[in-house]
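Colleague: Could we go through the ligand site and the pockets of this model together?

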Amino acid sequence: MFCINTASAQWFQNSFQVMGTQAHVEFWLDGEHSDKVSSEQLIALVQQEMQRIDIAMSPYKPKSELSLVNNEAGKEAVKISHELFTLLEESQKIAELSDGAFDITYASVGYQYDYRQKIKPEQDAINSALNAINYRAVALSSKDTTVRFTHPDVKIDLGGIAKGYAVKQSIALLKAEGIKHALVSAGGDTALLGDRRGRPWYVGIKHPRAEKRTAVQLPLTNESISTSGDYERYFIKDGVRYHHIINPKTGDSARKVVSVSIIGKDSTVVDALSTTVFVKGLKGGMAFIDTLPDYEAIIIDNQQTMHMSKGLQQN
Ligand code: AMP
Ligand code: MG
């Protein structure tokens with residue numbers, strides 16, 4: 001853990017591995033709060049919260065609530081936690097809004113890719129699994145908080161939204177403890193509480209083709225930003241890049257753009273929208289974001305040109 005002391009207050013920051021990525025927490029603890037709660041306790045709180053969400057929602061943990069749903073919901077309605085139900089409802093709303101560009105059932109094909117082992121499904125396998133990609137086949141009943149798949153081969157995955165939810169929860173926990181200035185990130189998803197004490201936070205968007213470089217630094221206060229990139233999890237085979245963001249209509253990686261960042265207040269929505277706009281591409285993605293007044297986009301196209309949505313453009 002790293003900390004800077006002044007007479008009455010301290011900056012703390014710490015990083016750890018969770019949800020298959022690196023998480024980072026940074027906050028300002030002033031004298032008033034350090035009497036009640038220690039920085040170690042606050043960091044542990046955030047870490048435990050992210051681990052708890054991972055344990056419930058990981059598709060790689062055979063006993064996670066999500067895995068239970070994937071195993072059972074094709075056969076019968078499965079009773080789920082209020083938390084998972086709410087996240088599924090949010091996912092479904094964005095699926096509707098985006099005309100299926102965001103679709104958690106992408107996983108019906110998505111699970112056949114293995115980016116570490118450089119394995120992609122054969123076209124025949126994609127074709128026969130494609131009709132199981134359909135968010136409308138996820139039936140939610142709010143009366144009894146159950147989920148049921150109306151197609152037996154449907155699988156779901158929350159990788160496009162769960163990290164945004166985890167950073168949102170983490171910021172809420174810090175806020176409840178009286179913290180006023182904080183940054184929490186998990187992979188490409190960052191949530192900010194307040195400013196950096198009188199100055200904005202600076203959040204970088206990675207250069208999509210130069211790992212150690214930053215494409216742009218953005219001054220932000222009290223916002224969330226999420227970046228989806230084709231360089232996060234990928235392999236190249238026969239000159240083609242196969243990466244983790246899947247076009248639900250084709251079962252293939254989306255290749256119209258290389259990086260999408262979304263800025264807005266709600267980290268969960270911002271996370272889902274970055275994946276959505278990545279699938280939609282530059283033209284469709286910008287047109288879509290311009291219909292959502294609370295959200296802005298920065299898109300890097302596959303010629304490595306950066307584009308900003310209307311709300312970010314200076315007159
Ligand atoms: P992100 O880095 O937020 O764009 O999330 C990428 C993750 O979202 C992938 O690793 C998958 O778990 C998931 N995903 C991929 N394609 C889609 C899609 N079309 N709709 C919803 N989730 C997706
Ligand atoms: Mg996302």
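This is a predicted model: local features need pLDDT of at least 70, side-chain atom pairs count only at pLDDT 80 or more; totals for chains, interfaces and linings use all residues.

Colleague: Which residues come nearest to ligand 1?

Modeller: Asp 157, Ser 228, Ile 246, Asp 271 and Thr 275 come nearest, out of 16 residues around ligand 1. A residue counts as near if one of its heavy atoms lies within 4 Å of the molecule.

Colleague: And which polar side-chain atom lies 2.7 Å from an oxygen atom of the ligand?

Modeller: That atom belongs to Asp 157. A polar contact here is a pair of N or O atoms within 3.5 Å. The backbone takes part too: an N or O atom of Gly 160 lies 3.0 Å from an oxygen atom of ligand 1, and one of Asp 103 lies 2.9 Å from a nitrogen atom of ligand 1.

Colleague: How much of the ligand does the protein bury?

Modeller: The protein buries 96% of the 500 Å² that ligand 1 exposes when taken alone, by the Shrake-Rupley method with a 1.4 Å probe.

Colleague: What is the make-up of the shell by class?

Modeller: The shell has seven nonpolar, five polar and four charged residues, with Gly counted as polar. Helix α8 (residues 267–289) contributes the largest share, three residues; helices are DSSP runs of H or I, at least four residues, and strands are runs of E, at least two.

Colleague: Turning to pockets, which one holds the ligand?

Modeller: Ligand 1 takes up the space of the largest pocket, whose volume is about 1,300 Å³. A pocket is an open set of points on a 1 Å grid over the protein atoms alone, where a 1.4 Å probe fits, with protein on both sides within 12 Å along at least five of seven lines; lining residues have an atom within 4 Å of a point.

Colleague: What about the second largest pocket?

Modeller: The second largest pocket has a volume of about 500 Å³ and 21 lining residues, including Ser 185 and Thr 190. Strand β9 gives the most to that lining, six residues.

How values were computed. Residues are numbered from 1 along each chain as its sequence is written. Chains are lettered from A and ligands numbered from 1 in the order in which they are written. Side-chain values use heavy atoms; hydrogens and water are left out. A polar contact is a pair of N or O atoms within 3.5 Å; within protein, one must be able to donate a hydrogen and the other to accept it, and residues adjacent in sequence count only if both atoms are side-chain atoms. A molecule sits in a cavity or pocket if more than half of its atoms lie within 2 Å of its grid points. Grid points are joined across faces, edges and corners, and a volume is the space filled by probe spheres set on the points.
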